[in-house]
Amino acid sequence: MDLLLFLLDLGVLYSIYAILAISVEIEYGELGIPNFAKSAMYALGAYSVGALATRIGVWLVGATWQGEFKNTSWVYATLVSSNISRNPLLGIIIFVIPLIVALPIAAFLGLIASYPALRLREDYLGITLIAFSELVRVFARNYEPLLGGTFGAGVPNFLAFLPVQLRSLAFFAIAIGLLLLIWALYYRLTTSPFGRVLRAIRDNQVAAQSLGRDIVKIRAIVLVIGSMLAAIAGVLYAFYVGSVNPDDFTVMKTFIVVLMVVIGGKGSPMGPLAGAGVYIALDRSITFLKQQVSLPIDINYFSYILFGVLLISVIMWRPEGLIPEKPPLTVSGSTLEVREKQGSS
């Protein structure tokens with residue numbers, strides 16, 4: 001039973017990171033835009049849960065909130081969970097509303113992020129988006145009424161109406177279901193004529209623009225899509241952990257997700273899935289070895305060293321990743337065409 005729970009939790013965590021990796025793959029692998037504000041979009045989904053889930057639950061059960069949010073959110077989250085155990089509809093509402101709120105806000109921020117992406121070189125763009133990401137985190141960390149500041153916010157268990165032994169299974173089914181749906185839609189996009197346009201812009205922006213493609217509009221659309229996917233991952237993560245703390249969403253999260261895409265294979269539909277799998281396997285292995293091996297340095301810093309060495313190794317010896325990009329099948333109506341890479345012999 002313990003092994004089953006471990007595998008279910010691992011599957012949920014994998015699903016969250018795979019969705020994040022797909023969001024980066026669409027922006028970076030398909031279009032060639034390095035979005036270093038990814039942790040902000042990811043955090044936005046979690047912040048929506050932390051700021052709304054307990055408050056909505058308290059309002060729906062007719063309770064009166066007393067005390068500061070940072071000191072009482074955990075208490076009221078437990079109260080709401082207790083009510084969900086008797087009212088499944090309450091749990092569904094608490095899950096759906098933060099998701100509905102997070103998606104348009106993430107889309108708007110993605111649209112804002114597309115503005116500097118059109119006007120800055122990649123190095124300046126990276127610096128600007130990192131600063132934007134940190135601005136979001138610092139604001140959430142210091143504005144205590146939003147998420148309780150450094151105290152964080154408690155999150156009710158929206159599956160509390162299920163027997164304890166079924167909650168992990170149900171959450172796994174939701175997470176893996178969303179992952180499969182998102183991957184299927186992503187695969188459809190990458191094998192569509194629109195996917196060809198994205199790769200054309202990535203490979204030669206001037207040529208694509210000379211053929212009448214609206215680079216500004218396409219970049220905005222892709223960043224909006226990627227930001228919404230990251231927000232979905234953030235919502236899942238907040239409910240999975242059962243709490244939200246702004247310090248969980250540093251810029252390092254962005255680099256980790258980019259690492260997954262590079263390792264898996266930039267431009268390959270299976271790349272995000274493979275990269276997320278490699279990262280989760282290494283991360284869990286390091287967590288296990290943390291209890292077994294004594295090192296002269298903090299094990300967390302050792303993990304950064306290990307992932308850095310892995311990234312350098314992949315770039316040096318297999319720059320195309322574990323699953324290299326191949327000429328994809330392009331779906332156009334009922335016709336399948338094989339697109340040959342430009343410049344291939």
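Visitor: What makes Phe95, Phe158, Phe171, Phe239 and Tyr240 a cluster?

Guide: Ring pairs link these five residues, and rings pair if their centres lie within 6.5 Å. Bear in mind that this is a predicted model. By that rule the count comes to 16 aromatic pairs.

Visitor: Why is the pair of Phe36 and Phe255 called edge-to-face?

Guide: Their planes are 65° apart, and over 60 degrees counts as edge-to-face. The centres lie 5.9 Å from each other, within the 6.5 Å limit. This pair also links distant parts of the chain: Phe36 belongs to the loop between α1 and α2, while Phe255 is in helix α11, 219 residues apart.

Visitor: And what makes Trp65 and Phe69 stacked?

Guide: Here the angle between the planes is 20°, and stacked means under 30 degrees. The centre-to-centre distance is 5.4 Å.

Visitor: Is Phe69 buried or exposed?

Guide: Buried: its relative accessibility is 8%, and the cut-off is under 20%. Trp65 comes out at 25%, so it's partly exposed.

Visitor: How do you know that a charge sits over the ring of Phe69?

Guide: The charged end of Arg55 is 3.9 Å from the ring centre, and the rule asks for within 6 Å, plus an angle within 35 degrees of the ring normal.

Visitor: Why is α2 described as largely enclosed?

Guide: Because 19 of its 23 residues are buried.

Visitor: How do you know that the length of α2 agrees with what a helix should span?

Guide: At 1.5 Å a residue, α2 should span 33 Å, and its end C-alpha atoms are 33 Å apart. α2 does bend, by about 30° at Leu52.

Notes:
Residues numbered from 1 in each chain as written. Predicted model: local features only at pLDDT ≥ 70, side-chain atom pairs only at ≥ 80, totals over all residues. Heavy atoms only, no water. Helix = DSSP H or I, 4+ residues; strand = E, 2+ residues; numbered from the N terminus. Expected span 1.5 Å × (residues − 1). Bend = angle between axes of the 7 residues up to and from the residue. Buried < 20%, exposed > 50% of the residue type's maximum accessible area, 1.4 Å probe, protein only. Phe/Tyr/Trp six-rings, centres within 6.5 Å; stacked < 30°, edge-to-face > 60°.
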